[in-house]
Structures are given as C-alpha cells and as structure tokens.
Protein chains: 2
Amino acid sequence: MYKKPFDPLDYNLSEDFLPRDVLHRLLEGLESTEKNGYGDKQNSTNHSVLTPETKTKPVVGIGLDSCVIPLRHGELFLVQSTDFFYPLVDEPYVMGKIACANVLSDIYAMGVTEVDNMLMLLSTSNKMSEKERDTIMPLILQGFKDCAEEAGTSVQGGQTVVNPWLIVGGVATSVCKQNEVIIPENAMIGDVLVLTKPLGTQVAVNAHQWLEKPDRWDRIKSVVTEDHVQKAYQRAMNSMSRLNKIGASLMHKYNAHACTDVTGFGILGHADNLAKHQKSEVSFAIHTLPIIANMALISTTCNGAFGLLRGTSAETSGGLLVVLPHDQAAAFCKDIQAQEGYQAWIIGVVEKGDRSAKIIDKPRIVEVPTQDTEGELW
Amino acid sequence: MYKKPFDPLDYNLSEDFLPRDVLHRLLEGLESTEKNGYGDKQNSTNHSVLTPETKTKPVVGIGLDSCVIPLRHGELFLVQSTDFFYPLVDEPYVMGKIACANVLSDIYAMGVTEVDNMLMLLSTSNKMSEKERDTIMPLILQGFKDCAEEAGTSVQGGQTVVNPWLIVGGVATSVCKQNEVIIPENAMIGDVLVLTKPLGTQVAVNAHQWLEKPDRWDRIKSVVTEDHVQKAYQRAMNSMSRLNKIGASLMHKYNAHACTDVTGFGILGHADNLAKHQKSEVSFAIHTLPIIANMALISTTCNGAFGLLRGTSAETSGGLLVVLPHDQAAAFCKDIQAQEGYQAWIIGVVEKGDRSAKIIDKPRIVEVPTQDTEGELW
C-alpha cells in the first residue's frame with residue numbers, strides 16, 4: 001500500500017517541526033565516544049563469543065552487532081541489540097519503521113531471525129507544541145509497532161521522556177539456540193562479499209533537506225534535479241524501512257561465513273570492523289559500490305564531503321554485508337531478489353591479509369535505480 | 001568503602017556542569033505521555049501475564065514493572081525493563097550506580113533475582129566540554145558497571161549519542177523459569193504493605209540544590225540546617241544506589257502476594273497502580289510514611305509543593321512496596337534488616353475495596369534517621 005508522504009501542513013503544523021541536520025552531529029558523537037573508549041567497535045578483536053569468556057568482554061560496544069550471552073537455562077543464548085537516534089526523515093510513521101528496522105538489523109546480522117521482544121525508547125521534544133507531540137508521537141509509535149509486527153515480534157515495554165531533541169530507538173531481544181546464531185568470524189580466502197541494500201542514504205536525506213536551503217541547493221542544482229532528489233529520498237526511506245530478515249534467513253541457507261550490517265561507520269568502517277573479527281588472516285577488498293542513483297554525483301560535486309565513494313558515509317538501517325562462499329553468492333543474490341523484489345550485489349572478495357578492509361582504486365559504481373521500487377513498501 | 005563526594009572543582013570543572021532541575025520536567029513528561037495514551041501504567045488492568053494473551057497487551061507501558069513474555073524454548077520467560085533519565089545527583093559515579101539500581105529495580109519488583117544481561121543507554125551532553133565529558137562519562141560508566149557487578153550481572157552492549165542533555169539509563173533482561181517470577185496480582189484482604197526504602201529522595205535532591213540558590217534556600221532555612229540537608233542528600237544517594245535484590249529474594253521466602261517498586265509516580269501512584277492489577281476486590285490503605293529525616297518538614301514548609309505527604313512525590317530508585325501475608329511481614333522486615341542493615345516498614349493494610357489505594361487521614365510519619373547509614377555504601 002502506498003502511503004502519501006507525511007506533510008506537516010496536513011496537520012496544521014509548522015513546516016520545520018522536526019530537528020534536522022542532527023544525523024551528522026550524532027555521528028560525530030559516535031566517533032568521539034569511539035575515541036573515548038566506550039563503544040570501541042573498531043578496536044575490539046574478540047573471538048568465540050559463545051563461551052564463558054563472553055563475560056569478560058568490554059563493557060559497552062562489544063565489537064559485534066549484538067551481544068550473545070550464554071544463559072543459565074538449557075543451552076540457550078541471549079542475543080540483544082539497542083540503538084536510538086534522531087529523526088532523519090520528516091515522515092514520523094516512516095521514522096518509526098526505520099528506527100525499528102535499524103534495531104532489528106543488528107540481530108539479523110547475527111543470522112538470528114526470531115525476535116522475542118522489543119522495547120521502544122522515545123523522547124518527545126520539549127520544543128514541540130502539545131499538538132505537534134500528539135500528532136507526531138503516535139505516528140512514530142505506529143510505524144515502530146507495524147515494523148515489529150512485520151518482523152513477527154511485538155513491542156512490550158519501553159520508556160518515554162522529554163528532551164530538547166526527539167529521540168527514537170529501541171531494544172531487540174532474542175533467546176535462541178546456538179544453531180540460530182552465525183558468529184561472524186569464519187571468512188575464508190576466496191569468499192565473496194555481498195551487500196543487500198544500496199549505499200547513499202545519508203546523502204539522499206541531506207540532499208532532500210537542501211531542497212529547502214537555497215545556499216546548499218545551489219551547490220548541487222547543476223548536476224541533479226529536484227525530481228532526482230525526491231526519488232532518491234523515497235528510495236532511501238524505502239530501503240531504510242526494509243527489514244534484513246530475509247537476508248538473515250538466507251545466510252543459513254547459503255552457509256554464510258560472517259556478516260555485519262552497514263550503519264554509522266559506512267561500508268568501509270563496518271567491513272573493516274568485521275575483518276578484525278575473523279579467525280583467519282584475511283582481508284576484504286571492496287570492488288563495487290552500489291549507490292542510490294545520482295547520490296555519487298552529489299557526493300563528488302560536494303568535493304566528496306560525505307565520504308560516500310571512500311566508503312565512510314554513514315548509513316542508517318543499511319543492508320547486510322555478508323561473507324559467502326564464492327559458489328553460493330550468486331544464488332544468495334538471486335534468492336533475495338526473488339523473495340524481496342530487491343537486488344543484492346557482489347561487492348568484494350576475501351583475500352589473504354591482516355584483518356582489514358579496503359576499497360580498491362576506482363571501484364565500480366553501480367547506479368541503483370530509484371523508480372522501480374518507489375512507493376512499494378508503504 | 002567511603003568515597004569522597006564528587007567535587008567538580010577537583011577536576012577543574014565549572015561547578016554547574018550537570019543539568020539540574022530536570023527531574024521535575026522529566027516527570028511532567030511522563031505524566032503527559034500517560035494522558036497521551038502511551039505508557040498507560042495507571043489505566044492498565046491486565047491480569048495473567050504468563051499466558052499467550054501477553055502478546056495482545058498495550059504497546060508501551062504495560063502496567064507492570066517489567067514485561068514478562070513466554071519464550072519459544074522450554075517453559076522459559078523473558079523479563080525485561082528499561083529506564084533512563086537525567087542526572088539528579090552531582091556525583092557522576094553515584095549517578096551511574098543509581099541509574100543501574102533503578103533499572104534493575106523493575107526486575108526485582110517481579111521477584112526475579114537473576115539478571116542475565118544489561119545494556120547501557122547514554123547520551124553525553126553537547127554542552128559539556130571535551131574535558132568535562134572525558135571526566136564525567138567514564139565515572140558514570142564505572143558506577144553503572146560496578147552496580148551491575150554487585151547485582152551479579154554484567155553490561156554487554158549499549159548505545160551512546162550526543163544530545164543537549166545528559167541521559168543515563170539502561171535495559172535489564174532476565175530469562176527465567178516461571179517459579180522465579182511473582183506476578184503481582186494476588187493481594188488478599190488482611191495482607192499488609194511493606195516498604196523497603198524511605199520516601200523523600202526528590203525533596204532531598206532538590207533541597208540540596210537549593211543550598212546554592214539563595215531565594216529557594218531562604219524559604220526553608222528557618223526549619224532546617226545545611227547539615228540536615230547534606231545528611232539527607234547523602235542518605236538519599238545511598239538509598240537510591242542500593243539494590244532491591246535482597247528484597248526480591250525475600251519475597252519468595254515470605255510468600256509475597258504482589259509487589260511494585262516506588263519511582264516516578266510516588267508511593268500513592270504506584271500503590272494505586274498495583275491495586276488496579278489485583279485479582280481480588282481489594283484496596284490498599286497506607287497508614288505510615290517513612291520519610292528521610294527533615295524532608296517532611298521541608299515539604300510542609302513549601303506548602304506541600306512536592307506532594308510528599310500526599311504520596312505523590314516522585315522517588316528515584318525507590319524501595320519495593322511488597323504485599324505480604326500479615327503473619328509474614330514482621331519476619332520479612334527483620335530479615336531484610338539483618339541482611340542489608342537497613343530498616344523496612346509495615347506501612348499499610350489490604351482491605352476489601354475497588355482496586356485503588358489511599359493514604360489515611362493523618363498518617364504516621366516515621367522520621368528515618370540519616371546518620372546511621374551515611375557513607376556505608378561507597
């Protein structure tokens with residue numbers, strides 16, 4: 001069902017009621033906490049998380065997408081992830097879906113497909129009027145709830161506070177057997193890397209904001225039209241709302257050796273982090289960057305400001321980056337397309353190396369079309 | 001071990017670096033979301049949560065302190081709670097402990113004593129300098145982690161963002177068997193109510209802030225000394241940092257019929273909510289209010305501004321309000337004192353009624369001394 005884009009004016013709200021331009025600040029925050037020692041995803045080199053050693057892992061930011069904790073009862077494991085951030089699209093319902101899909105994505109990246117519960121973490125903004133709040137918050141809640149339902153789980157609990165900025169996020173929890181989890185540490189030389197969603201969501205969201213900021217728009221209007229930007233934005237919202245659940249399920253079918261999801265550190269940051277967790281001395285070489293149409297051009301025109309072609313542009317609720325045996329990857333991509341209607345791409349190879357990731361010189365840029373999928377999800 | 005109170009000046013920080021006076025705004029926010037339909041703790045009348053009907057309960061704010069969800073595997077249940085808020089004491093280490101104890105308290109209120117994992121939810125403030133952040137955040141983390149360790153669990157995961165206000169909170173998760181959970185719905189006529197921590201934390205925290213605000217201090221300086229306020233503040237920090245774990249364990253030993261923990265809605269709000277969840281037609285009558293020494297006087301002097309004697313003053317990481325058979329309550333109190341070194345009080349009775357709670361006219365006020373416990377916890 002196509003859902004008409006949320007227009008604040010439909011609700012007699014002022015046009016600029018949601019905090020904007022906060023994604024970038026958020027990511028700066030993540031990077032600085034990184035350096036600061038908490039959330040040390042990049043530095044962690046833990047292996048074998050399904051052992052009692054799990055208990056001695058770093059306090060926060062364990063380096064994998066979800067924590068995996070042995071339980072007291074019957075060979076079961078607790079898999080959990082949490083994430084929260086600020087609105088980056090101006091449709092509250094879609095924002096709720098994206099927040100939910102984004103939290104679940106960390107669980108899916110571990111190959112886990114069954115989620116037992118979600119909690120929702122919300123902050124309303126004290127800068128909203130009562131009317132804005134009563135209009136927006138129920139839409140965010142509904143989007144989050146609908147997405148959880150689509151994932152086959154439900155939202156039982158949460159916390160809401162007030163704060164200067166609106167915050168949306170949640171917690172996903174699965175209690176599962178060992179064979180439901182794919183510990184992301186078994187990449188082998190000769191494997192290939194598959195990506196299940198296109199890159200460029202941050203650029204699309206920003207370019208869309210620039211439509212209302214003449215000084216910014218002036219920088220890119222010679223290379224893209226408003227229609228390009230609107231379509232890319234729709235494609236980005238669509239992509240960010242989409243669950244990685246089918247991808248997670250296919251990881252089992254096609255014997256995936258490792259996986260992560262692509263979010264705040266960009267494709268290269270997450271590939272590099274994943275490489276650091278491998279048991280074998282391997283490295284990842286990315287040769288292809290599938291990018292939402294026209295977003296590479298915008299990035300180049302802005303002197304590479306987003307780092308999109310360097311692989312450092314943040315993504316929200318991005319795709320799975322899956323390490324697959326080379327003879328399984330094509331079938332994985334074909335299957336995901338058959339089940340989801342969306343393309344996945346072989347984007348790199350696993351080589352002998354020092355557990356790092358790189359993008360090759362002059363990677364192939366795949367312009368991912370926007371029109372074919374527009375409006376299908378909502 | 002006594003820990004010297006955190007003094008920002010020891011770290012060359014400006015004195016007023018932590019957001020203050022935000023607790024009240026926070027609670028306003030909770031109340032307004034209440035009216036708004038999410039977090040409908042007060043209106044919920046669900047029973048029998050250990051059934052498949054659990055899945056159809058309200059989305060957020062299920063009315064009980066923790067959600068209890070049947071799992072796919074072997075008669076196990078997922079018990080989870082989340083909470084986050086703003087700093088209310090100016091020692092970051094203690095703030096971390098309080099945040100952790102507060103999240104765990106919701107689990108303990110269900111009689112569950114074993115917690116399998118915690119996640120930490122943090123926001124640094126973008127109004128902090130880098131130096132303030134690098135000083136304060138590790139102390140908060142350490143306090144949270146130490147408290148989790150004291151509870152016999154650990155912190156494996158979390159999320160950190162930047163935000164105008166500092167936020168501290170977490171998620172507690174337990175996977176447990178049915179007999180570990182005490183569903184709080186079996187209060188019977190003739191039972192009594194026991195409270196395991198004194199009331200008055202909000203008043204103590206505010207009065208302590210008023211030491212630096214002459215116009216506020218002028219209102220109460222005729223009835224209390226600075227020493228009174230300092231001691232009450234220490235007692236409040238001590239109380240808020242203390243785990244309700246022993247209380248939870250004793251609920252099993254003494255056959256508790258129901259329990260909740262006392263937090264943002266005050267003793268009366270939580271008692272009333274608990275009454276609404278009872279299977280039998282009962283009501284709770286509170287005849288005694290144990291209050292940190294001198295805080296009742298402050299509340300009265302301020303024309304009852306906090307609602308402390310009306311039972312509506314918010315508490316943070318408050319005690320357990322336990323419904324016990326009348327012949328077990330004294331033994332429960334004696335046991336908790338023996339194990340913890342802190343007093344618990346019989347504060348009310350369960351009568352035939354319409355599932356509500358009240359405070360009787362002219363309740364007995366117990367002035368809970370501050371000196372005997374000061375400094376014991378840290």
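Helices and strands are DSSP runs, numbered from the N terminus; with that in hand, here are some close-ups of this predicted model.

View 1. In an unreviewed UniProt entry, residues 190-357 of chain A carry the annotation "domain: PurM-like C-terminal". This span is 43% helix and 20% strand.

**View 2. Helix 4 of chain B packing on helix 6 of chain B.** Helix 4 spans residues 201-210, and its axis lies 9 Å from that of helix 6, at an angle of about 135°. The pair is therefore oblique. Take a moment to follow the crossing of these two chain B helices, which is left-handed. On the helix 4 side, the contacting residues are Thr201(B), Ala204(B), Val205(B), Ala207(B) and His208(B). Their partners in helix 6 include Val229(B), Tyr233(B), Ala236(B) and Met240(B).

View 3. Staying in chain B, we find Arg242(B) in the loop between helix 6 (226-241) and helix 7 (245-253). Arg242(B) counts as buried because its relative accessibility is 5%, with the cut-off for buried set at under 20%. Look for Glu340(B) too: its side chain and that of Arg242(B) are joined by a polar contact of 2.5 Å.

Key:
Residues are numbered from 1 along each chain as its sequence is written. Chains are lettered from A and ligands numbered from 1 in the order in which they are written. This is a predicted model: local features need pLDDT of at least 70, side-chain atom pairs count only at pLDDT 80 or more; totals for chains, interfaces and linings use all residues. Side-chain values use heavy atoms; hydrogens and water are left out. Helices (H or I, at least four residues) and strands (E, at least two) are DSSP runs, numbered from the N terminus. Buried means under 20% relative accessible area, exposed over 50%, partly exposed in between (1.4 Å probe, protein chains only). A polar contact is a pair of N or O atoms within 3.5 Å; within protein, one must be able to donate a hydrogen and the other to accept it, and residues adjacent in sequence count only if both atoms are side-chain atoms. Axes are lines fitted to C-alpha atoms, for helices over the stretch in contact, and angles run from 0 to 180 degrees between N-to-C directions. Angles under 35 degrees count as roughly parallel, over 145 as roughly antiparallel, 65 to 115 as roughly perpendicular and the rest as oblique. A crossing is left-handed if the near helix is turned anticlockwise from the far one by less than a right angle, and right-handed if clockwise. Contact means heavy atoms within 4.5 Å. UniProt positions are given in the numbering used here, feature names are shortened, and annotations may be inferred rather than shown by experiment.
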